[in-house]
Amino acid sequence: MDYIVLDLEWNQRLKGQEKITEPVRLRGEIIQIGAVRLDENYSVTDTFKIMISPVYYKEMHRMVSEITNITTEDLLRGHSFPFAFEKFRGWCGDDFVFLVWGIDDLDMLCDNMQLHNIDTSCMPTTYNLQLAFDNQVSKEHRQISLARAMDMLGEPALKFHDALNDALNTAHICTHLDMRKGLSGCEITRR
């Protein structure tokens, strides 16, 4: 079994832009998927990154653009979500679980899948590494940002808010955790 560290970047609607509510209440539209494959020893064996051209929130929100350095022009070169998701799903293989930093990415992925009429029943078991980090390292009983976690570990980080970089940063945190213990009790229950 492989462990897929997943990270997403998404765009938001512009002020005054109509909010999409059907078939889902769309809080954001995914514009980038980044992932890292870990083997049974939690060692990196492969990476994946793809840009997505949104259907509804086509113009980059100023604040999202500032933190991601993704422009509206970059989005024009992206792929459709169904194409990108199919490529990503094929890259994941047949036997894997997701590792994510917090629960937002899983919710956003499911919302975007529903938006594009993609069956969400294929979603694998997903573990929240943010919770594992809190249980083993920070012990603050609250959400810790990925940047703060890397800082607490004294580790240099790749530039944040790039989906692949954030997945690589998260994968690096795994090297500081007792992963077998850490995954116990950190499974995310899908809504």
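1. Two strands are said to pair if DSSP finds at least two bridges between them. Helices (H or I, at least four residues) and strands (E, at least two) are DSSP runs, numbered from the N terminus. By these rules, strand E1 (residues 2–11) and strand E4 (residues 96–100) pair in the parallel sense. Four bridges join E1 and E4. Ile4 stands opposite Phe98 in E4.

2. Some ground rules. This is a predicted model, so to speak of local features takes pLDDT of at least 70 and side-chain atom pairs count only at pLDDT 80 or more, while totals for chains, interfaces and linings use all residues. Residues are numbered from 1 along each chain as its sequence is written, and side-chain values use heavy atoms, with hydrogens and water left out.

3. Now the overall picture. The protein has eight helices and five strands. From the N terminus on, the order is β-β-β-α-α-α-β-α-β-α-α-α-α. The C-alpha trace spans about 45 × 35 × 30 Å along its principal axes. A compact globule of 191 residues would have a radius of gyration near 16 Å, and the protein agrees, with 16 Å. That radius is taken over C-alpha atoms; the globule rule is 2.2 Å times the number of residues to the power 0.38.

4. Burial comes next. Buried means under 20% relative accessible area, exposed over 50%, and partly exposed in between (1.4 Å probe, protein chains only). Buried residues make up 50% of the 191 residues. Contact means heavy atoms within 4.5 Å. Among contacts between residues at least 6 apart in sequence, 70% join residues at least 24 apart.

5. Back to E1. Nine of its ten residues are buried, so E1 is largely enclosed by the rest of the structure. E1 also pairs with strand E2 (residues 29–38), in the antiparallel sense and over nine bridges. Asn11 stands opposite Glu29 in E2.

6. Asp105 deserves a look. Asp105 sits in helix H4 (residues 104–115). Asp105 is buried yet has no salt bridge. A salt bridge is a side-chain nitrogen of Lys or Arg within 4 Å of a carboxyl oxygen of Asp or Glu. The nearest side chain of opposite charge, Arg27, is 8.3 Å away. For charge, Lys and Arg count as positive and Asp and Glu as negative; His and the chain ends are not counted. Leaving aside neighbours within four places in sequence, Asp105 is in contact with Leu6, Asp7, Leu8 and Trp10.

7. Helix H5 (residues 129–138) has these buried residues: Leu129, Gln130, Ala132, Phe133, Asp134 and Ser138. Their cover includes E4, strand E5 (126–128), helix H6 (146–152), helix H7 (163–174) and helix H8 (179–183). Just after H5, Lys139 takes a positive phi of about 55°.

8. Thr170 is found in helix H7. Thr170 has a relative accessible area of 2%, so it is buried. Not counting residues up to four places away in sequence, Thr170 touches Val5, Trp101, Leu129 and Leu146.

9. Met60 lies in the loop between strand E3 (44–51) and helix H1 (62–68). Met60 counts as buried because its relative accessibility is 7%. Leaving aside neighbours within four places in sequence, its contacts include Asn11, Leu14, Ile31 and Leu75. Met60 and Leu14 are 46 residues apart along the chain, and their C-alpha atoms are separated by 8.0 Å.
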